[in-house]
Structure formats: C-alpha cells, structure tokens
Amino acid sequence: MDNLDNNNNTYRQRRGREEYQPAATNDAGMFEMIGKCFKNYANFTGRARRSEYWYFRLFNFIVLFFFFFVFMLLGSDKEMRVVLLIIYILYVLATIVPSVAVTVRRLHDTGRSGWSFLLAFVPVASIIILIFLTEDSKYGANQWGVNPKGLGSDNFNAPKNQYNDGF
C-alpha cells in the first residue's frame, strides 16, 4: 500500500515502472527462440529477451540429460560410451560460442555491458550474474539496440535524457 496517494485515496503510478504491454513477437515459441540463438551464432551485439536466453539454457540442459541418460544405459559397452562421449564433447564445443553470445546479448538487454559476464568466473559474484540474467528488459532503447519486446523503442535516436525513469 506504499503507492496509495494520501490526498485522495487513489492509487498513483509507481515511479520508474511502466505498464505491462505484450510484445509484438510474443507468439514465438521455444524452438523459434532456440533457432534464433543458433542463427545469431557469434553475434555479440544487440539484445536478447529472457525467453530466448532461458529456452536456450533449458534446451542445453535437456540435451545434457539425454547424453547422461544414454551414457548410463550403455552400461559396460566401452566402445559405444567412447563414441557418445566424443559426440557430447563436440556438442559442447559447438554450443560454447552461442552460449556466451546469448548471455552477452541478455546482459545488454538488462542495460549492462557484456564484459560483466566475466564476473561469472568469480565464485561468489556468479550469483550476481544470475540475478542480472533474471531481470526484465530495460524499458526503451539503449546503446545496444531497441527493446526486443517493442516497449518504448518508438524514438530510438532520441537523446538518453529523454528516457526519464523517475530518478
């Protein structure tokens, strides 16, 4: 009830927040987002929505689980386990670059530099990166491009001081 206006007992709009508006590309599903990550294989510029990032992470987790499950099913068949391990290593090597690229684009979407991804290599600071990755997109355009949700990007070439977020 902290946003209740005491003068006339009506709710006032909270500072620094915008109303929710569904994105124009809200109909994109999991596989479209995963495909988008692989299409932007080594693109470290631009912005990536939360759904693009987390669907890509979910897909990689499912593939990892699949490899682990099949590896356990093979039992004592060492030749097949070695082949599966080689395929898994090739998959991991093939997805390292798109994983880093989508993480950098996700950080751009939250208004942070991609270089802040290096905090992930500091043991306790990796929690900070996780918090950054779960944040919503910053309203409007920023130096890395227009908002992928289409919110506030009407005037992309406007000076930064025109985006007043209440502070």
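**Close-up views of a predicted helical model**

View 1. The charged end of Arg-112 sits over the ring of Phe-132, 3.7 Å from the ring centre. A charge counts as over a ring if NZ of Lys or CZ of Arg is within 6 Å of the ring centre and within 35 degrees of the ring normal. The side chain of Arg-112 also meets that of Glu-135 in a salt bridge (2.8 Å, N to O). Glu-135 lies in the segment after α4 and Arg-112 in the loop between α3 and α4, so the pair ties together parts 23 residues apart in sequence. Glu-135 counts as partly exposed, at 24% relative accessibility. Buried means under 20% relative accessible area, exposed over 50%, and partly exposed in between (1.4 Å probe, protein chains only). A salt bridge needs a side-chain nitrogen of Lys or Arg within 4 Å of a carboxyl oxygen of Asp or Glu. Helices (H or I, at least four residues) and strands (E, at least two) are DSSP runs, numbered from the N terminus.

The model is predicted: local features need pLDDT of at least 70, side-chain atom pairs count only at pLDDT 80 or more, and totals for chains, interfaces and linings use all residues. Residues are numbered from 1 along each chain as its sequence is written, and side-chain values use heavy atoms, with hydrogens and water left out.

**View 2. Asp-109 meets two arginines.** Asp-109 forms a salt bridge with Arg-47 through their side chains (2.8 Å, N to O). Asp-109 lies in helix α3 and Arg-47 in the loop between α1 and α2, so this pair ties together parts 62 residues apart in sequence. Asp-109 is buried, at 0% relative accessibility. Arg-47 is buried too, with a relative accessible area of 9%. A salt bridge also joins the side chains of Asp-109 and Arg-106 (2.7 Å, N to O). Both residues of the Asp-109 and Arg-106 pair lie in α3, 3 residues apart, about one turn of the helix. Arg-106 is buried, as is Asp-109. The structure holds 6 salt bridges. Elsewhere, Lys-36, Glu-52 and Arg-105 are linked in a salt-bridge network.

**View 3. The largest nonpolar core.** This core has 11 residues: Ile-34, Cys-37, Ala-48, Tyr-53, Phe-56, Val-102, Leu-107, Phe-117, Ile-129, Phe-132 and Leu-133. Two or more residues come from each of α1 (30–39), α2 (50–73), α3 (78–109) and α4 (126–134). Helix α4 gives the most, with 3 residues. Such a core is a set of buried Ala, Val, Leu, Ile, Met, Phe, Trp, Tyr and Cys residues joined through side-chain atoms within 4.5 Å. Phe-117 touches Val-100, Thr-103, Leu-107 and Ile-129, not counting residues up to four places away in sequence. Contact means heavy atoms within 4.5 Å.

**View 4. Helix α2 and its buried residues.** The 24 residues of α2 should span 34 Å at 1.5 Å a residue, and the end C-alpha atoms are 34 Å apart, which agrees. The expected span is 1.5 Å times one less than the number of residues. Glu-52, Tyr-53, Phe-56, Asn-60, Val-63 and Phe-67 are the buried residues of α2. They pack against α1, α3 and α4. Gly-75 follows α2, with a positive phi near 60°.

View 5. Tyr-91 lies in helix α3. Tyr-91 is buried, with a relative accessible area of 18%. Setting aside neighbours within four places in sequence, Tyr-91 is in contact with Phe-59, Asn-60, Val-63 and Phe-67. Tyr-91 and Val-63 are 28 residues apart in sequence and 9.2 Å apart in space, C-alpha to C-alpha.

View 6. The whole structure contains 8 aromatic pairs. One of them, Phe-38 with Phe-59, is edge-to-face: 6.4 Å centre to centre, 85° between the planes. Phe-38 is in helix α1 and Phe-59 in helix α2, 21 residues apart. Phe-38 is partly exposed, with a relative accessible area of 32%. Phe-59 counts as partly exposed at 23%. The ring centres of Phe-67 and Tyr-88 are 5.3 Å apart and their planes are at 65°, so this pair is edge-to-face. Rings of Phe, Tyr and Trp (its six-membered ring) pair if their centres lie within 6.5 Å; planes under 30 degrees apart count as stacked, over 60 as edge-to-face and the rest as tilted. Phe-66, Phe-67, Tyr-88 and Tyr-91 form one aromatic cluster.
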